[in-house]
Amino acid sequence: MAPASASYRALVDAALRRLRAVDPRSAGPLIDAVVAEAGELMPAMAADGRLDRDDVRRLDAMLRARELPLALDTREALSEINLAAAHAAGDAALARQAAQTRCMLLHAVAQRIDPAQRRAALKRVTRRALDLVAEHGLEAVDPQLVADLHLQAGNVFMRGFGPLDDEVDRGLEHFLRGLEIKRAHGGDPAERQRLEDLMRRAAHYVVDQTPLRSLFGGDPSRAWRRLETALAVLEAVGPAQDAHGARAELLQLALESRLLDAAEPLLQALVQAGDALPPRVAQELPLQHADWLAQRHRPAEALAVLDAAPARDDDQDEPALHAATIRANALRLLGRWDEAEAAFASIEQRCARALAAEPGRVSFAERRLLAQAHLGYLLARRGRTAEAEEWFGRATVGGDQAPTPDAQLRVADLWAMGLYEARQWDEALAKYERVRELRTRIDEATADPQVREGLLGAWALTESRLVELQIRTGRAAQALQTAEAAKSRVLRELARRHVPPHAHAAAPQDARMQALHQAWAQADAEREAAAGAKGSAADPAALRRAEARLAGLRELIERRVQAATFAAAPGDDESIGVDAMLALLPPGNGWGLVCLHAGHEGSAVLIAAPGADGATAAVEGIWLPDWPYARLLDELYLPWEAAARAVFDGDAPVADWHAALERVRRQAHAALWAPVAARLAAHGLRRLLLLPHRLLHLLPWTALQADAGGELLDGIDALCVAPGAALLRTLHRGPPAPTRNALLLGCPDADAPLMGAEAAQLARRCAAQGRAATLHLGAAAHAEALAADGAQAGAVHLACHGIWSPDGLRASGLRLAPLPAGSPALFGQQDGLVPIPALLAQLRLPGCELAMLSACESGLARRSAADEPVSLPLAFLLAGARQVVASLWPVADDATLLLMDDLWQRWLAGTPAAQALLQAQRRLRGLRAADAADALLACRGAPAPGADPWLMHDADAHLTALAAQLRALPAEARPYASPDYWAAFICFGAPAADRPPRS
């Protein structure tokens, strides 16, 4: 390589000499080394002016014109060096031109590779070219080249594929994209027709392989993705009847995998097609429709569909037995027990005759086994235990072939359910423990995160029954462990789903990362322009190009981002005993633990109190059969959520919000808290670690109204809400970090002018207590400041807007100030919104004692498949914060300023955050108008260092006006008495021990 002080031209010459000196057939490792060494020198060359952009342009032109008499591999290596130089020079147009040249050469290299001998190399070259397409937006520059690259990728991934090949889906996707580009930009019609014929044949082959889905290792998601991609291809190339056939196969797989939400649109499309369906699809559709209705627990409709379907001639063929099974299940769901028993007995006999004629037929054997298990269930629920055991014994053996793990699980589940419905609690508990064992085996054998998350619904019913039965049989400690293990399992799957485990961390100053973020911002701007501003028409083709580029960039960024957040937590430490849970509590002072588990047949309240002087911990369980999960959802949470959303969106008056809050305060207290209040008092518990389950995370706990008209707030001294005990133990194994600086960010605007005053006031509080603080206000309060200074902060306070969007996690997060132009953004968000997935992946707050999210709706959670929370508090806890304070609804600017100021005074003086929050809430609730006015005026002051004086001047004027309004009220008035001013904020995380005040 050239000396460190050489010019770019000398560096290229030195690289050429090294490359020419080796045999091209064995030059691969050397080429990689030369390119890597050159790339390392580029930033320094750009910094000291040795990187001449004209030299980069000249080399690019020579590579395009093939003026260099070099082997193709060598020219391709030089194009990589030249692209790195263009990046280092910071010239986006030059980088795009160099990337186009590199793609042309990569395409040529790929055409020369023998796929039979070097398929891995071919895939690597093709992947690199498509990454450059996404990063630099080359589709808009050279669409024909990009289309050829996609078609080349399609050939690479489809070549030699078999039914178990993982990359067929990607090949079909690349074919689709290449066809779309060629259709949009013209080209040879005959070539397009050949491409469509090739795609149609490939898609048909994929659909034909659907019966082989059992070869996919019991993992239906691979077959699902493949069929879904094949369906998209057939919809693109036609004819419509072919697409209906693929849709029917996909529907059948969804029904067999019990993916009922995914099955619904497929079923609707087939029903609406009517006479246009192929004969085979039309014949099977009534059975699929009835099956879906029965699985949706709509048995009367399922029977009606079956009665209207044509009768089957052969009562032993597969469709006829399937129809009979659906009918028997519908009769069982309707409670027509005698008819259901006769139907399952008939199915068992018909399957026996069919197996006698055709031994070893797997589908008949499994259907017979399940019929036997249903007969056992129907007998068990009637108390005919001996007969039931006989049928379950036959089903467990499984005839000539051993039952599959899934069949064993379904047999065990029916056995346990029959004993449960017969109220044989101890026997049912033993069977459900067997069900849990079988589910665990299946879960551990399934690697795909989507499939694992889909299994959580089945897990929920099993664990709900286990918790109930353990309470009913006097095993409260086991019930607490079961409930917490269930929660930990869900959090583990959510972690796998929302943070890609294969990614790795990238430093903020990483030049490649900055280039990717800038590319994202440009592509995002192109998408906005293509979508059309107000009054202008959208450009569909440009919009598709921009979205495709954004999808590619997201993949590139997520490859470079992540991190170790979930390396050890929480699923690897699922099991946690009662003693370990209680070890999370500070010693003494009335701390206890309350687990609230929302089950299918009722709710469980589990109370754990530490034993005095080394005595055994006391664990008590209470079963609430009148409040199952469905009732909590329909009567308690959803009406409140709907009313709140309507008010906050401006579609309903504020009075509706107050009424909804009052209703949920009373109902939640009566349903969940009143039954246990006396038991908490009996144990002397006034400081609580609350472990809610599912949607119970989203209830306003501090606002619950007691029977005598008081507040739950008055009966306790501290309340911490945590996602799960196992998660807390995993995150906080070590001792707390030593006290460090506070990081304060304030992002005021016209809607919330006091956010800057809030952060500045807290900086003054820190100074008065002798604690150093870093303050960022206005335009300086951006995500880069949070990422850089948060890593060194012992406390973080964010006074900003919180965004909670029904559009999903990527549209929900914190609104900080926009980043300066050219700064690396979290997932390319230059407008200031830092979404929850970005925080999950990138935020690091090691040693943070307390994170205060002083923002609207910052504590709300996205309900997942099993209704455990994915939220901002979870993201901050996983980032390292020991405690997080966040809100459940939009909060008033002035009330939040007063609450946060009081909370910080108490916390800085040594009061733990959970206690300080409740004390500040009590004070705000009872604050008189005159005292509130004085407190607001005390928050005025000179701008903090670095603050915009005009920004602070506006806040001071607003505070003066608010104080005048308060002084106009009667002196004894309590303007903030309503819980909507003070009850929104909850303390999440592990409780902290009392600490001495700072001197």
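Select R925 and show its surroundings: leaving out residues up to four places away in sequence, R925 touches E711, L713, D714, R974, Y976, A977 and W982. Keep in mind as you click around that this is a predicted model. Now colour the helix that R925 belongs to, which is α35, residues 913-926. Is R925 buried or exposed? R925 counts as buried because its relative accessible area is 19%, and the cut-off for buried is under 20%.

Now zoom in on β9 and strand β10, residues 813-815: the two run antiparallel and are joined by three bridges. Which residue in β10 does H801 stand opposite? Show both side chains and you'll find R815 there.

Last stop: colour the whole thing by pLDDT. The protein averages 79, and 81% of the residues score at least 70. Then pick out residues 212-218, where pLDDT stays under 50. In the model, this stretch has twelve contacts beyond four places in sequence. Jump to residues 561-573 and you'll find pLDDT below 50 there too; that stretch has 40 contacts in the model beyond near neighbours in sequence.

Conventions: Residues numbered from 1 in each chain as written. Predicted model: local features only at pLDDT ≥ 70, side-chain atom pairs only at ≥ 80, totals over all residues. Heavy atoms only, no water. Pairing = 2+ DSSP bridges. Helix = DSSP H or I, 4+ residues; strand = E, 2+ residues; numbered from the N terminus. pLDDT = per-residue confidence, 0-100. Contact = heavy atoms within 4.5 Å. Buried < 20%, exposed > 50% of the residue type's maximum accessible area, 1.4 Å probe, protein only.
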